[in-house]
Amino acid sequence: MSAAAATKPSVDDIWRWLADVPDPEIPVLSVVDLGIVRGVQWKGNRLTIAVTPTYSGCPATAVISLEIAEAIRRRGVDDVKIETCLSPAWSTDWISDEGRAKLKAYGIAPPVADARCVGDLKNPIVECPHCGSAATEQVSRFGSTPCKAHWRCRDCLEPFDYFKSF
Amino acid sequence: MTTAVKLDPVYDLALRMGDNALILGQRVSEWCGHAPVLEEDIAMANVGLDLIGQAKMWFDYAGAIEAAGKSADEIALLRDARAFTNALLVEQPNGDYAHTLMRQFLFDAWHLPMLKGLAASKDERIAEIAAKSAKEATYHLERSEDFVVSLGDGTAESHDRMQAALDALYPFAGELTLADDIDRDLAARGLAPDLSVIAAAHLAKIEAVITEATLKLPSGGAVRKGGKQGLHSEHLGFILADMQWLQRAYPGAEW
């Protein structure tokens, strides 16, 4: 028997559940860390979750919506609707501080903060996630996923991914 | 007897923006696995992905306006060449890498000001899609203009190749800002920017970058046009054959 009909989980509970849903490409981050969950709302007995895409062609977007819906259903809420919300457009400024720390620990340089758009920060100073040196350089504007660029450190000589300010 | 229903010109706008993004996205994705260096292979795949993602947003909207229940996939994969409205520039072959990069630059230098103009559209959905896409286009333009400068002002070989690419492709650039009645109607109603303003921004960017790249803009010559009206070069048919064969051979096939 579903408990959902009797006691609707609170919106705060839903947010806590969502904090356990990993990004499929960068599993160290949750969808909440990434800042792509834009709203959680009960409309009668239907739970609506607004999700915004990171990059418009990111192949992970469809998987993320499926995984969010699945995670909610596993907790006993059957009537869940995922709405795509385009505006305001996603920004890496929405990645939580916790998310930034997780990225760094995972070996990905977090986005340089307060960038409204990539064009505002053509030559960001990116710290090497391995040794902390600021003597780093861009190898390529693109990397293993749409959200990352390929960088290297001139001190420890390690290559690394930089999560682009966007 | 049926009469074709005249749709709101916003439909044409969404279709045109989507067709330009889709066909260029398909073109650059042809480099996947073939690009001159690994980083460029990845870059091209990512640029293609952004453009195809943008095309999907535009087609979703076009489908909603048409209200005939067509999905973005159906709009992309079940139309014939005459129904496509992309500019001839984006269907030009990849050629050598100079052609690919020059085509991208000429496109990006139009795409960004166009999207910024559309982000101010009175149509909320147009504005949302454009604002989202403009962030990606900013990044594309930074990359393509850097390449035009470093290869134009590079070795004698890279300079000559970039000049040859510019000579071949520049005649196609003007079509992107050539207004027809639909464009004028949209601009008059505040739904899209005045294309003469976009043309000025496009040309200013091209001139600045081409000068820095030590290249020369070809002078004179007619604008190569017709794509917007569905009159395409032979290249589009081959692109569509490659892109659409699966849906044509196996109607309704799903991923």
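In the predicted model, residues 24 or more positions apart account for 51% of those contacts in chain A that have a separation of 6 or more. Chain A has 166 residues, of which 34% count as buried. Its C-alpha trace spans about 60 × 25 × 25 Å along the principal axes. The secondary structure of this chain comprises three helices and seven strands, and these follow one another along the sequence in the pattern α-β-β-α-β-α-β-β-β-β.

Three of the strands of chain A form an open sheet with the order 1-2-3 and mixed pairing. Strand 1 (37-43) and strand 3 of chain A are the edge strands, each pairing on one side only. From one strand to the next, the twist in this sheet averages 20 degrees. Strand 2 (residues 46-51) and strand 3 (residues 80-84) of chain A are paired in the parallel sense, with five bridges between them. Within the strand pair, A:Ile49 has A:Ile82 in strand 3 of chain A as its bridge partner, and A:Leu47 lies opposite A:Val80 in strand 3 of chain A. Helix 2 of chain A packs on the sheet, where it touches strand 2 and strand 3 of chain A. The direction of helix 2 makes about 155 degrees with that of strand 3 of chain A.

A further open sheet in chain A is formed by four strands in the order 4-7-6-5, and here too the pairing is mixed. Strand 4 of chain A pairs with strand 7 (residues 159-163) of chain A in the parallel sense over two bridges. In this region A:Ile108 stands opposite A:Asp161 of strand 7 of chain A.

Backbone geometry was examined next. Most peptide bonds are trans, and most residues other than glycine have a negative phi. The peptide bond from A:Ser87 to A:Pro88 is cis, with omega near -5 degrees. A:Pro88 is located in the loop between strand 3 and helix 3 (97-106) of chain A. A positive phi of about 70 degrees is found at A:Leu157, which is not a glycine. A:Leu157 belongs to the loop between strand 6 (148-153) and strand 7 of chain A. This leucine, A:Leu157, has 10 C-beta neighbours inside 10 Å and therefore counts as exposed, the limit for that class being 12 or fewer. In chain B, B:Ala67 likewise has a positive phi, of about 55 degrees, although it is not a glycine. B:Ala67 is placed in the loop between helix 2 and helix 3 (72-77) of chain B. With 10 other C-beta atoms within 10 Å, B:Ala67 is exposed.

Helix packing within chain B is illustrated by helix 5 (residues 97-118) and helix 7 (residues 156-173) of chain B, which pack at an angle of about 40 degrees with their axes 9 Å apart. Helix 5 and helix 7 of chain B are therefore oblique to each other, and their crossing is right-handed. On the side of helix 5 of chain B, the residues that take part are B:Ala98, B:His99, B:Met102, B:Arg103 and B:Leu106. These meet residues in helix 7 of chain B, among them B:Arg161, B:Met162, B:Ala165, B:Leu166, B:Leu169 and B:Ala173.

The contact between the chains takes 19 residues from chain A and 21 residues from chain B. On the side of chain B that touches chain A, helix 2 (38-66) and helix 6 (124-152) of chain B each supply at least two residues. Helix 6 of chain B provides the largest share of that side, with 11 residues.

Conventions. Residues are numbered from 1 along each chain as its sequence is written. Chains are lettered from A and ligands numbered from 1 in the order in which they are written. This is a predicted model: local features need pLDDT of at least 70, side-chain atom pairs count only at pLDDT 80 or more; totals for chains, interfaces and linings use all residues. Two strands pair if DSSP finds at least two bridges between them. A residue is buried if 20 or more other C-beta atoms lie within 10 Å of its own, exposed if 12 or fewer, and partly exposed in between; C-beta atoms are placed from the backbone. Two residues are in contact if their C-beta atoms, placed from the backbone, lie within 7 Å. Axes are lines fitted to C-alpha atoms, for helices over the stretch in contact, and angles run from 0 to 180 degrees between N-to-C directions. Angles under 35 degrees count as roughly parallel, over 145 as roughly antiparallel, 65 to 115 as roughly perpendicular and the rest as oblique. A crossing is left-handed if the near helix is turned anticlockwise from the far one by less than a right angle, and right-handed if clockwise.
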